[in-house]
Amino acid sequence: MEERAQSTISLLDIQFNDYTLPELLAAVREGVGARDRRIIANHNLHSLFLFHRNLRLREFYRLVHSSHIDGMPLVWIARKYGYDVSRDRRITYVDFSPPLLEMANQEHWRIFYIGSRPEACVAGTEAVRVRYPGIKWEATNGYFDMTRTGAANQDLVRRIRKFAPDILMVGMGMPRQEQWIAENHADIEVGVILPCGAAIDYIAGAVPTPPRWAGRMGLEWLFRLFAEPRRLASRYLIEPWYVIGLLLRDRLKRVAAPK
């Protein structure tokens, strides 16, 4: 079977790749083999909002090797910009984590995870070790002083270097996880770095898993909003209006541009 040419989508100053799930897994495998601190990130409506308002996040995305689609709104927006993008290109960590961990289990990879509340980190670690015994897994929660030169952060970097992971998963929420990666990735020997949000929280059962039909229909945000209204109200009810403004301004600019 002929390998599909990889497409890069550019819109509103961001770029992302139209990976299918098998292609994203292959990209991780390639990065583990290259062992070159390869950052495989993601983009969704929240990252688009923050990208235009947060200089550090823009600096982070200049470091990434590739980004996958993590939100149906980006699929819809890409279509409006003329890209032929199907909904199977949307890959969240709810869908990505199980096959990623199964692949790591078969390959006996080493994974270091940073993030989540202490209790969720412990529960997620126990769940991973039971379900995927072939993975060499180490983890620490995301509640620490991120000051790059501070004692807590330096101790963590030394711990990661000693563990020598194939994959480093950083799940501290956007943009905190991206800021930490940008500031520390050069000091760590690792194959692939994955900013992964609440990935371990779902595995631990600390956050309800949205039904997969909701994700395919672009309604996962509603399920998550009901599950965590305080944390996500601004993200899902206010931020999209800013993005709509970006789209309208970009539309007017393109209409006014000389032909």
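Q: In which sense do strand β5 and strand β6 pair?
A: This is a predicted model, in which local features need pLDDT of at least 70 and side-chain atom pairs count only at pLDDT 80 or more, while totals for chains, interfaces and linings use all residues. Residues are numbered from 1 along each chain as its sequence is written, and side-chain values use heavy atoms, without hydrogens and water. Strands are DSSP runs of E of at least two residues, helices runs of H or I of at least four, numbered from the N terminus, and two strands pair if DSSP finds at least two bridges between them. Five bridges join β5 (residues 110-115) to β6 (residues 136-140), and the sense is parallel.

Q: Which residue in β6 does tyrosine 113 stand opposite?
A: β6 spans residues 136-140. The residue in β6 opposite tyrosine 113 is alanine 139.

Q: What is the handedness of the β-α-β crossover from β5 to β6?
A: A crossover is right-handed if, with the strands pointing away from the viewer, the path from the first strand over the helix to the second runs clockwise. Here the chain leaves β5, passes through helix α6 (residues 118-131) and reaches β6. The crossover is right-handed.

Q: How many disulfides does a search of the whole structure find?
A: A disulfide is a pair of cysteine sulfur atoms within 2.5 Å. For cysteine 121, the nearest cysteine sulfur is that of cysteine 196, 11 Å away. The number of disulfides found is zero.

Q: Is cysteine 196 buried or exposed?
A: Buried means under 20% relative accessible area, exposed over 50%, and partly exposed in between (1.4 Å probe, protein chains only). Cysteine 196 has a relative accessible area of 4%, and therefore is buried.
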